[in-house]
Amino acid sequence: MEKKVKQMYTEYTYPKYNENDDSNCPDFPNELAILMSINQINHYIYSGKKHNFNNYRILIAGCGLGGDCIQYGLLFKGYKNIEIIGIDLSSTSLDICKKRLPKYNLENDVKLTEMSLLDLDPKIHGKFDMITCIGVLHHLENPQKGLDALKNVLKDDGVLSIMVYGKYGRTFVNNYEDLIKKKNY
């Protein structure tokens, strides 16, 4: 299953990348928006008790074209010893992400690795304060193994943000795909 998913996302990135998507890159992040976002993370995740995000480690499991890498890179810019790691199976997606990072002045702030989240090992990769895994686990033959792998590299007080596609949340997409199949596009 994992080989099929890797092949699919290597041949066809999702979403299809358009360089114009990055045409309005900020020279620096909007300080008010970042302050509010950091405050929201502190409030909702740490009940207002985290006053310092220095030495914070973030893993984006299934980073794709780098949207979350860019978002977290801009959000945590200026904090000391922030480590943002993006992993993905698709070399094509990672290549696009690598090309996007300099547009946001983040080429030195995000580390990218081609690998499966199933290969995460706390002895090798350490533990993370925050893990984001959006639209990935449902592609695994055994999603529970993926969830366990992520949990294994999450700090005891860390936060895990997950999204999987579901039947009802994708109703529009499923209907659109059915229409395309009927029209033989």
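## A walk through the chain

Leaving aside neighbours within four places in sequence, Asp68 is in contact with Ile60, Thr132 and Ile134. Start your tour of this predicted model there. Asp68 sits in helix α3, which covers residues 67-75. Ile134 is 66 residues away from Asp68 along the chain, yet their C-alpha atoms are separated by 9.2 Å. Asp68 is partly exposed, with a relative accessible area of 23%.

Now step back to the whole chain. The protein chain has seven helices and five strands. From the N terminus on, the order is α-α-β-α-β-α-β-α-β-α-β-α. Of its 185 residues, 36% count as buried. Take the contacts between residues at least 6 apart in sequence: 79% of them join residues at least 24 apart. The accessible surface comes to about 11,900 Å², and 51% of that belongs to carbon and sulfur atoms.

Next, look at helix α6, residues 143-152. Which of its residues are buried? They are Gly146, Ala149 and Leu150. Seen down the axis of α6, these buried residues fall within an arc of 95°, so they line one face of the helix. On the other side of α6, Lys145 and Lys151 are exposed. What do the buried residues of α6 pack against? Their partners are the strands β1 (57-61), β4 (128-134) and β5 (154-163).

Helix α2, residues 31-46, holds Asn42. Is Asn42 buried or exposed? Asn42 is buried, because its relative accessible area is 11% and the cut-off for buried is under 20%. Not counting residues up to four places away in sequence, Asn42 touches Ser47, Gly48, Lys49, Lys50 and Phe53.

Charged side chains come next. Side chains of opposite charge can pair when their charged atoms come close. How many salt bridges are there? The count comes to four. One of them joins Glu83 to Arg57, with the closest N and O atoms 2.7 Å apart. This pair links distant parts of the chain: Glu83 is in strand β2 (residues 83-88) and Arg57 in strand β1, 26 residues apart. Arg57 counts as buried, at 15% relative accessibility.

Another salt bridge joins Asp109 to Lys77, and here the closest N and O atoms are 2.4 Å apart. Asp109 lies in the loop between α4 (91-100) and β3 (110-114), and Lys77 in the loop between α3 and β2, so the pair ties together parts that are 32 residues apart in sequence. Asp109 is partly exposed at 28% relative accessibility. Lys77 is partly exposed too, at 34%.

Lys155 forms a salt bridge with Asp129, and their closest N and O atoms are 3.2 Å apart. Again the pair links distant parts of the chain, with Lys155 in strand β5 and Asp129 in strand β4, 26 residues apart. Lys155 is partly exposed, with a relative accessible area of 27%, whereas Asp129 is buried at 8%. Salt bridges that share partners also join Arg57, Glu83 and Lys111 into one network.

What about the cysteines? The structure holds zero disulfides. Cys69 is buried, with a relative accessible area of 0%. Cys133 also counts as buried, at 1% relative accessibility.

Ile134, Met163 and Tyr165 make a nonpolar patch of about 220 Å². Tyr165 sits in the loop between β5 and α7 (171-183). Tyr165 is partly exposed, with a relative accessible area of 30%.

Conventions. Residues numbered from 1 in each chain as written. Predicted model: local features only at pLDDT ≥ 70, side-chain atom pairs only at ≥ 80, totals over all residues. Heavy atoms only, no water. Helix = DSSP H or I, 4+ residues; strand = E, 2+ residues; numbered from the N terminus. Buried < 20%, exposed > 50% of the residue type's maximum accessible area, 1.4 Å probe, protein only. Contact = heavy atoms within 4.5 Å. Arc of directions from axis to C-beta. Patch = residues over 30% accessible without salt bridge, like charges linked within 9 Å, V, L, I, M, F, W, Y side chains within 5 Å. Areas by Shrake-Rupley, 256 points an atom, 1.4 Å probe, with all protein chains shown as cover. Salt bridge = Lys/Arg side-chain N within 4 Å of Asp/Glu carboxyl O. Disulfide = S-S within 2.5 Å.
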